[in-house]
Amino acid sequence: MRDVLPAIIRHLHFQTDVEGLVVVADSDRSVTHTTQHDRVEGGQAGCRVCELRNVHELIRSRLAERVGRASLKVAIGVAVPAVEGWYARGVVPHVNEAAWSRALQSGQFPYTKVSLKKTVYGTRRPSILLEIERAVEAASRLANHIDGLEADFPGGFGALAADLRRWRL
Ligand SMILES: [Zn+2]
């Protein structure tokens with residue numbers, strides 16, 4: 001994501017009328033974002049939220065203003081450890097950022113990216129159609145529980161939610 005993001009932003013900025021871009025990456029086993037990183041100049045090394053923000057800031061600083069229209073809005077989130085963690089929220093107990101951060105520290109993982117995929121899709125290698133189907137189901141359910149999703153994933157989803165709230169201003 002980090003490598004392709006500049007090209008995506010440049011394309012949307014110059015070639016389209018798109019108003020906003022939502023970027024969500026998997027954290028895998030990288031550092032979980034917290035609001036404490038916001039106080040570190042340049043963000044926290046090894047954190048994908050901070051890294052993606054840095055990439056966005058750098059490319060944005062190099063782009064000329066879009067004449068006659070607002071700048072492209074960008075919202076960045078990172079799902080811990082993968083987007084299936086968000087989908088599992090409220091369905092599988094104890095899937096949240098706090099549990100994952102403890103697992104990273106202890107090396108004892110109560111669930112993994114692969115086990116989450118099996119839980120959500122019934123297979124570790126879902127088709128794109130099945131991924132879309134489950135994503136739509138999860139989004140429909142989670143739309144009524146945004147506060148809970150943000151409470152359970154305050155770093156990676158919280159960052160996304162904060163960016164999106166600024167879009168309304
Ligand atoms: Zn961070």
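**Figure 1. His94 sits in the loop between α3 and α4 (97–106).** This close-up, like the others here, comes from a predicted model. Have a look at the backbone: His94 is not a glycine, yet its phi is positive, at about 70 degrees. His94 is exposed, because its relative accessible area is 65%, and the cut-off for that label is over 50%.

**Figure 2. Asp28 is another non-glycine residue with a positive phi, here about 50 degrees.** Asp28 belongs to the loop between β1 (20–26) and α2 (48–62). With a relative accessible area of 26%, Asp28 is partly exposed. Asp28 also takes part in a network of salt bridges that share partners, together with Asp26, Arg48 and Lys113.

**Figure 3. A cis peptide bond leads from Val80 to Pro81.** The omega angle of this bond is near -10 degrees. To find the spot, follow the chain into the loop between β2 (73–79) and α3 (83–87), where Pro81 lies.

**Figure 4. Two histidines and two cysteines hold the zinc ion: His33, His37, Cys47 and Cys50.** Each histidine donates through ND1 and each cysteine through SG, at 2.0 to 2.3 Å from the zinc ion. Along the sequence, the donor residues follow the spacing H-x3-H-x9-C-x2-C. The arrangement is tetrahedral because the four donor atoms subtend angles of 103 to 114 degrees around the zinc ion. For orientation, ideal angles for four tetrahedral donors are 109.5 degrees. Both His33 and His37 are buried.

**Figure 5. A salt bridge joins Arg2 and Glu51.** The closest N and O atoms of the two residues are 2.9 Å apart. This pair links distant parts of the chain, 49 residues apart: Arg2 is in the segment before α1 (5–15), and Glu51 is in helix α2. Arg2 counts as partly exposed at 45% relative accessibility, and Glu51 counts as partly exposed at 24%.

**Figure 6. Asp38 and Arg53 pair through their side chains in a salt bridge.** The N to O distance is 2.9 Å. Here, too, distant parts of the chain are linked, with Asp38 in the loop between β1 and α2 and Arg53 in helix α2, 15 residues apart. Asp38 is partly exposed at 47% relative accessibility, as is Arg53 at 23%.

**Figure 7. Within helix α2, Glu57 and Arg60 lie three residues apart, about one turn of the helix.** Their side chains meet in a salt bridge with an N to O distance of 3.0 Å. Glu57 is partly exposed at 39% relative accessibility, and Arg60 is partly exposed at 45%. The model's salt bridges come to a count of 13.

Conventions:
Residues numbered from 1 in each chain as written. Predicted model: local features only at pLDDT ≥ 70, side-chain atom pairs only at ≥ 80, totals over all residues. Heavy atoms only, no water. Donors = N, O, S within 2.8 Å, 3.2 Å for Na, K, Ca; no water. Tetrahedral: all angles 85-135°; square planar, octahedral: opposite > 155°, others 65-115°. Buried < 20%, exposed > 50% of the residue type's maximum accessible area, 1.4 Å probe, protein only. Helix = DSSP H or I, 4+ residues; strand = E, 2+ residues; numbered from the N terminus. Salt bridge = Lys/Arg side-chain N within 4 Å of Asp/Glu carboxyl O.
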